[in-house]
Amino acid sequence: MQGRSRKKLVVLAVVIVAAIVAAQMFRGAERAKAKTPVAVASVPVKVASAHRGDLDLTLKVIGRAEAFSTVNVQARVSGQLQALLFKPGGQVKQGDTIIRIDPSLLQAQLDQALGNLAKDQAQLDNANTIIKRYQPLLGKGYVSQMDYDTYKANQGIYTASVKADNAAVELARTQLSYAQIQAPFDAIAGAPLMYPGAQITANDTSIVVLNQIRPIHVTFSIPETGLDGIKATMARGKVPVAVNIPGSKGAAMDAELDFINNAVDTTTSTIQLKARYANDDVRLTPGQFVEVALPTTRLTNVVTVPVVALQNSPLGSFVFVANADGTVQQRMVTAGPTTNGQIVIEKGLNGNETVVTDGQLLLVDGARMHVVTDNG
């Protein structure tokens with residue numbers, strides 16, 4: 001028993017000594033680690049240059065595409081609709097015949113007018129011959145003055161009748177031409193409102209609606225407070241208008257301000273404007289919802305940076321300025337208006353700085369950084 005107790009004491013002593021040695025080694029390692037300087041990590045960031053110059057503030061509003069011209073096609077003569085010569089929803093060219101009305105009655109009226117003209121023309125020719133024959137005989141007394149006056153009056157009556165007949169022929173010919181209706185401009189035809197066989201009443205029955213979409217208008221309204229800026233921009237030249245289809249990945253469409261209404265809507269304190277877009281690619285359809293952006297006020301000699309460069313804190317707004325030595329400086333600034341992803345810095349920057357646009361969350365004043373690009 002005493003031998004076993006002695007062995008236990010020896011084992012316990014060895015464990016204690018080992019623990020003391022391990023503790024001393026650990027403390028030595030910690031002291032050595034503390035003496036080794038810790039390298040400060042360099043933060044990857046993206047940067048952009050501050051810019052000083054003129055800036056056009058942009059107003060963004062909602063608008064809708066509107067047909068440049070809309071025509072509700074009606075016939076100018078009454079009759080039976082004979083044929084529709086267009087494809088519903090298809091394009092029609094200016095001058096193309098798109099509708100035909102039965103010309104039978106109109107042709108008969110023209111033929112009747114031509115017959116009356118021929119009859120009266122023959123009578124006029126006869127009256128001219130009689131006057132030519134009897135005029136020399138009047139001076140010799142072979143023809144009485146009364147008879148000659150009667151022949152002369154007949155000549156005048158037939159002359160007037162021929163003029164009236166010519167007018168009737170022109171009217172009938174014009175009426176007959178109205179039996180074929182031509183497109184007044186390049187347009188898109190809507191759905192037919194009447195079909196062949198229907199009776200058409202002149203200047204009353206609508207047959208189809210044509211919309212001119214090349215060019216096309218984009219109609220929108222702006223607050224009346226922006227009107228002075230728009231007029232100032234117009235005074236410098238044409239006002240560009242950017243048109244976007246919401247959700248579209250295509251580039252913005254370049255339109256041009258074409259119309260400013262002559263009165264402000266007092267119920268909404270807005271004024272209607274229209275922009276003209278060539279629409280050669282037929283991207284816009286009348287009634288389509290669009291986003292519109294146009295320049296208003298021009299700010300001169302201002303400093304701008306990308307909006308993403310601006311940060312906020314309880315003390316105010318700031319940006320990180322990238323220094324040439326690879327460090328950053330936290331610079332307090334006063335921010336102004338924003339437009340097209342750029343923000344005006346009214347105080348705090350001179351316009352020759354480089355500012356951090358990405359990676360700010362890992363930065364503090366004086367931190368080290370290195371610039372990366374989208375390509376790595």
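Predicted model: local features only at pLDDT ≥ 70, side-chain atom pairs only at ≥ 80, totals over all residues.
## Overall composition

The protein chain contains four helices and 20 strands. Of its 376 residues, 33% are buried. The accessible surface amounts to about 22,700 Å², and carbon and sulfur atoms account for 54% of that area.

## Salt bridges involving strand E2

The structure has five salt bridges. In one of them, Asp56 is paired with Arg298, with 2.8 Å between the closest N and O atoms. This pair links distant parts of the chain, since Asp56 belongs to strand E2 (residues 51-74) and Arg298 to strand E13 (residues 289-306), 242 residues apart. Asp56 has a relative accessibility of 26% and therefore counts as partly exposed; Arg298, with a relative accessible area of 39%, is partly exposed. A network of salt bridges connects Asp56, Arg236 and Arg298.

Lys274 forms a salt bridge with Glu66, the closest N and O atoms again being 2.8 Å apart. Here too distant parts of the chain are linked: Lys274 is in strand E12 (residues 270-277) and Glu66 is in strand E2, 208 residues apart. Lys274 has 17% relative accessibility, so it counts as buried, whereas Glu66, at 29%, counts as partly exposed.

## The Arg331 and Glu353 pair

A further salt bridge joins the side chains of Arg331 and Glu353, at 3.7 Å from N to O. Because Arg331 lies in strand E16 (residues 328-332) and Glu353 in the loop between strand E18 (342-347) and strand E19 (354-358), the pair ties together parts that are 22 residues apart in sequence. Arg331 is partly exposed at 21% relative accessibility, while Glu353 is buried, with a relative accessible area of 8%.

## Aromatic rings

The structure holds one aromatic pair. The ring centres of Phe318 and Phe320 are 5.4 Å apart and the ring planes meet at 85°, so the arrangement is edge-to-face. Both Phe318 and Phe320 are buried.

Another ring, that of Phe259, has a charged residue over its face: Lys274 lies at 5.6 Å from the ring centre. Lys274 is also the salt-bridge partner of Glu66.

Asp120 is located in helix H2 (residues 104-140). Asp120 is buried yet has no salt bridge, and the nearest side chain of opposite charge, that of Lys119, is 4.5 Å away. The cut-off for a salt bridge is 4 Å. Leaving aside neighbours within four places in sequence, Asp120 is in contact with Tyr158, Ser161, Val162 and Asp165.

Definitions and conventions:
Residues numbered from 1 in each chain as written. Heavy atoms only, no water. Helix = DSSP H or I, 4+ residues; strand = E, 2+ residues; numbered from the N terminus. Buried < 20%, exposed > 50% of the residue type's maximum accessible area, 1.4 Å probe, protein only. Lys, Arg positive; Asp, Glu negative; His and termini not counted. Contact = heavy atoms within 4.5 Å. Areas by Shrake-Rupley, 256 points an atom, 1.4 Å probe, with all protein chains shown as cover. Phe/Tyr/Trp six-rings, centres within 6.5 Å; stacked < 30°, edge-to-face > 60°. Lys NZ or Arg CZ within 6 Å of the ring centre and 35° of its normal.
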